[in-house]
Every structure is written in structure tokens, then in C-alpha cells.
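Let's take a friendly walk through this structure.

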Amino acid sequence: MLNPQTTDIQFNGSVGAVAISLGLPALLTVFGIVLNSQSPFKSGIPFPFDWSFDRIANAAFDKNTWIAYTTYFFGFVVLDQLVPGKYIKGVVLRDKTQLTYKINGLNFILVIVTVLLARLYALGSLPELEFIYEHQLELTLTCCLFSFALAVFVYIYSFFPLKTPNGLGTNDRILAEPGNSGRVVYDWFIGRELNPRIGSWDIKLFCELKPGLVLWLLINVSCLYSQYLQHGTISDSMLLINFLQGFYIFDGILNEEGLLTMMDVVTDGFGNMLAFGDLALVPWAYSLQARYLSLNYIDLGWPYCAATVAIAALGYYVFHSANQQKSDFKQGKLAHLKSMKTVTGSNLLVDGWWKLSQHINYLGDWLIGLSWCLATGFNTPLTYFYAVYFASLLVHRQVRDDEKCASKYKQSWDEYKARVPYKIIPYLY
Ligand code: NDP
């Protein structure tokens with residue numbers, strides 16, 4: 001059967017889906033109000049927090065922000081089609097076909113950076129950065145509503161049969177295994193179709209990488225720019241967060257190809273969970289540190305900055321070398337490392353990084369995130385949101401992966417867990 005019905009319901013079903021779909025935007029709104037209390041581009045006079053319904057409703061439906069954001073998003077869609085890249089095949093799908101993906105992230109970001117630098121040179125300023133800084137709450141809410149709408153669109157779209165390549169008949173779309181429960185709200189949230197595409201535009205891969213990550217980068221730079229306008233100098237903490245997160249964003253874009261084998265692309269459908277995560281949560285929650293630092297001038301001193309960079313470097317080392325080791329192993333290299341045969345005939349690595357824990361790569365990823373929080377010093381718990389949120393995301397992901405592997409590797413998975421007992425943190429968890 002091409003599209004089996006989903007029986008494993010996550011997040012407490014529709015109730016959880018609604019709670020997350022309302023709760024996280026509410027949290028981003030709180031961040032937007034708290035961190036948008038003064039602006040150097042306007043009068044420079046701080047204005048108090050305004051929690052009123054009118055303020056939020058006006059921000060959510062601000063016409064200029066909607067024009068700006070939709071121009072940005074659809075402009076990126078067009079650019080994505082135009083920017084050249086290499087074509088590679090994704091994993092083999094349930095119907096034994098493979099999709100072809102254009103990998104052009106690096107070229108894409110180079111075009112964006114070049115255009116921005118050219119505009120800065122020509123205009124002497126970047127009005128788009130001022131707009132972003134001035135409209136944080138408006139843009140936050142626009143991104144939330146836009147991602148909801150996109151999820152509605154792809155949900156409805158998933159019911160239309162797919163034209164066959166010769167255009168004469170139709171095929172069923174491949175639905176995501178977790179998103180075919182028949183419950184409307186739940187499937188809308190989890191994502192019903194595995195790989196929604198319009199022509200050659202792959203909506204999921206595009207959203208995973210481009211609009212959200214680039215907006216996050218622009219928000220951070222807008223904070224740096226605003227601090228410079230306010231103080232005439234830039235604090236070391238602001239430079240540090242821009243460096244650490246800028247590096248992470250470029251690193252993510254450079255590793256675009258790696259996305260094609262990740263759970264988000266291989267297993268998950270594209271629904272509100274991913275649309276909201278990619279388009280709203282990433283830019284507006286991951287930029288908390290820079291937004292906080294734009295309102296609080298903090299110099300940390302070079303020893304503290306160096307220690308924070310060292311934690312990030314350790315995180316990258318663990319993250320990359322562990323992922324590389326698994327990928328090399330899967331390609332038949334590293335025969336000298338110990339592995340165990342499974343009932344499926346394939347092998348699991350039980351040596352090197354992968355004897356330390358079942359997901360040692362998650363620990364590296366978390367350390368990178370921790371370094372971002374440390375870049376704000378120890379003045380507020382607000383900027384440590386990411387470390388807490390990301391830890392819960394990784395634990396949830398580990399549970400899902402454990403279920404996936406238990407069903408794939410059967411008794412071999414229990415044997416594997418007996419040999420590699422720790423889930424993420426060696427000797428601790
Ligand atoms: P993993 O990279 O840990 O991959 C898990 C899969 O690898 C398993 O399903 C199994 O798949 C295979 N596998 C597991 N153990 C072994 C082993 N010992 N030997 C061989 N193969 C094994 O998880 P993810 O795909 O979730 O994450 C990939 C990366 O993405 C991680 O580094 C993570 O930190 C990062 N990430 C980042 C997020 C973010 O928001 N920044 C969110 C989530 C993840 P198979 O069926 O092929 O055997």
C-alpha cells in the first residue's frame with residue numbers, strides 16, 4: 001500500500017497540535033513585545049511594553065509588513081529557480097522513485113550578500129535592515145500567519161492527484177507516514193504530503209533552508225547595525241553572537257546536501273510544524289540573543305569570548321566528525337571500526353564516536369547552541385531559551401528515532417542499545 005494510515009499519533013493528537021500551534025506563536029509575540037521596546041531608528045526614546053489586543057492585531061495585519069514579507073518570500077522563490085546549482089537525487093521513496101533536488105544554497109547566499117553589499121555601497125545605508133529592526137513584532141506575527149496559511153495550502157494541495165510525467169494520467173501523492181491519520185487538524189500540523197512540489201520548486205527543502213535562515217542572519221545584522229547607530233561602537237558580545245550564528249548559518253547552507261537524508265526531509269511531511277519552525281521560529285526565536293544585546297550593551301572581555309568560541313568549536317568538532325563518521329561508515333568505508341550485523345542485513349556502528357552514545361552528534365549540536373546563550377553573559381534567563389528549547393527538541397527527536405529504529409531493526413536494536421546504552425550524553429543520559 002502506497003500510503004498506509006498513520007496509527008502512531010504524536011503530541012497528544014489534535015489537542016497537542018492546536019496547543020503547539022497557538023502556544024509557540026504566543027511565545028514569539030511575547031519576545032517581540034519585550035525585545036522591541038526601543039529603537040534607535042525612530043526617536044530613540046524607549047516606549048513601554050504594550051500588551052494590548054489592538055497593538056497585537058495592528059502588528060499582525062500591518063499592510064507594509066505583509067507587502068515586504070511576501071515580496072521577500074516569493075522573490076526568494078523566483079531567485080531559487082534562477083540561481084544555478086548541482087542536481088542530485090534524494091533517497092529512494094516508497095514507490096521506488098527518487099526526486100531530483102537542485103543544491104544551490106551557497107550560490108544563493110552569495111547572490112543575497114552581494115546584492116546587499118552593492119546596495120550598501122550605493123545607498124550608504126541598508127533600509128531593509130532598519131525596516132526589520134523597526135518591525136520585529138509585525139514581522140514575527142506575519143511570519144506566523146504566513147506559515148499557517150502555507151500549511152493550509154499544502155494540506156489542501158495534498159488532496160489533488162498528481163499528474164503522471166507523460167501528462168496523461170494521475171498518480172497518488174506520497175503522503176508522510178506520520179501525517180496520514182485522517183484527522184484534519186493533526187495532519188495539517190504534522191504535514192500530510194511528504195514532498196509537496198509545484199513544478200520543480202520543492203517547498204520543503206526551500207523552506208528548510210532559505211527564507212528562515214537568511215531572515216535570521218538579517219535580523220542579527222540589523223541588531224548590530226542598530227547598536228552601532230545608538231552607541232557609535234559595537235560591543236564584543238554583539239560581534240561574538242553575529243560571528244557564532246553567522247558561521248552556523250553559512251555552515252548549514254554549505255551542508256545543504258546533508259538535509260536530503262535527514263528525518264525532516266525523509267520522514268516528515270510538510271505541514272504547520274515544519275512551516276512554522278522554518279519560517280517563524282528559527283528567525284524569531286534563534287535571534288533572541290542579538291535582539292537582547294541590541295538593547296543591552298554588554299562587553300564580555302576577550303577571555304570570556306575566547307572560552308565561548310572554544311565551546312562552539314568543540315560542539316562543531318563533535319557534531320561534524322560524528323556525522324561524517326556515520327556517513328563514511330554507511331558508504332562502506334571505515335571497515336576497521338567495530339560494527340554489529342542487524343536482522344535487516346545492514347550494520348550499525350558501535351565504535352568511534354558511536355560507542356559513546358546513540359546520538360553523540362546531538363550533544364555537539366547542543367553545545368553550539370549553548371555557546372550562543374553564553375554570548376549574552378548571565379544577565380537574563382531569556383537568552384537561554386534556546387538551550388532549553390533545543391534540549392527538549394533533541395530529546396523528543398531521540399525518542400522518535402528510537403521508535404523508528406526499533407521497528408526497523410527489531411531485536412537487533414535491543415542488542416545495539418545494550419552495547420551503546422547512553423542516549424545522548426555519555427555516562428549521564
Ligand atoms: P542521527 O544523525 O543520529 O541519525 C539517526 C539515524 O542514523 C538512525 O535513524 C539510523 O538510520 C542511523 N543510525 C543510528 N545509529 C547508527 C549507528 N550506530 N550506525 C549506523 N547508523 C546509525 O539523527 P538525525 O537525522 O535526527 O540528525 C542529524 C543531525 O541533524 C544531527 O547532528 C542533529 O544534531 C542535527 N539536527 C539539527 C536540528 C536543528 O534544528 N538544528 C534538529 C534536529 C537534528 P538508518 O535507518 O539509516 O540506519
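## A307 and the ground rules

A307 sits in helix 13, which covers residues 302–330. Helices here are DSSP runs of H or I with at least four residues, numbered from the N terminus. With 41% relative accessibility, A307 counts as partly exposed; buried means under 20% relative accessible area, exposed over 50%, and partly exposed in between, using a 1.4 Å probe and protein chains only. A307 and P283 are 24 residues apart along the chain, and 26 Å separates their C-alpha atoms.

A word on how to read all this: the model is predicted, so local features need pLDDT of at least 70 and side-chain atom pairs count only at pLDDT 80 or more, while totals for chains, interfaces and linings use all residues. Residues are numbered from 1 along each chain as its sequence is written, and side-chain values use heavy atoms, with hydrogens and water left out.

Next up is L288, a residue of helix 12.

Who does L288 touch? Setting aside neighbours within four places in sequence, L288 is in contact (heavy atoms within 4.5 Å) with F31, L35, L382, T383 and F385. As for L2, that residue is 286 places away from L288 along the chain, and their C-alpha atoms are separated by 42 Å.

## The buried side of helix 5

Helix 5 spans residues 127–134, and its L129, I132, Y133 and E134 are buried. Which helices do the buried residues of helix 5 pack against? They pack against helix 6, helix 8 (203–231), helix 11 (272–286) and helix 12 (288–295).

## Helix 2 meets helix 6

Helix 6 also has helix 2 as a packing partner: helix 2 (residues 53–60) and helix 6 (residues 136–157) pack at an angle of about 65°, and their axes are 7 Å apart. Axes are lines fitted to C-alpha atoms, for helices over the stretch in contact, and angles run from 0 to 180 degrees between N-to-C directions. Helix 2 and helix 6 are therefore roughly perpendicular to each other; angles under 35 degrees count as roughly parallel, over 145 as roughly antiparallel, 65 to 115 as roughly perpendicular and the rest as oblique.

Helix 2 brings R55, I56, A59 and A60 to the contact, and helix 6 brings L137, E138, L141, T142 and L145. Sorted by class, the residues of this contact are six nonpolar, one polar and two charged. Here Ala, Val, Leu, Ile, Met, Phe, Trp, Tyr, Cys and Pro count as nonpolar, Asp, Glu, Lys and Arg as charged, and the others, Gly among them, as polar.

## Helix 3 meets helix 4

Helix 3 (residues 63–82) and helix 4 (residues 105–123) pack at about 125°, with axes 10 Å apart. That angle makes helix 3 and helix 4 oblique to each other, and their crossing is right-handed. F76, L79 and D80 of helix 3 make the contact with F108, V111 and I112 of helix 4. Five of these residues are nonpolar, none is polar and one is charged.

## No disulfides

How many disulfides turn up in the whole structure? Zero, with a disulfide taken as a pair of cysteine sulfur atoms within 2.5 Å. The sulfur of C305 has its closest cysteine sulfur in C373, 15 Å away, which is too far for a bond. C305 is buried at 11% relative accessibility, and C373 is buried at 0%.

How values were computed
Helix = DSSP H or I, 4+ residues; strand = E, 2+ residues; numbered from the N terminus. Left-handed = near helix turned anticlockwise from the far one by under 90°.
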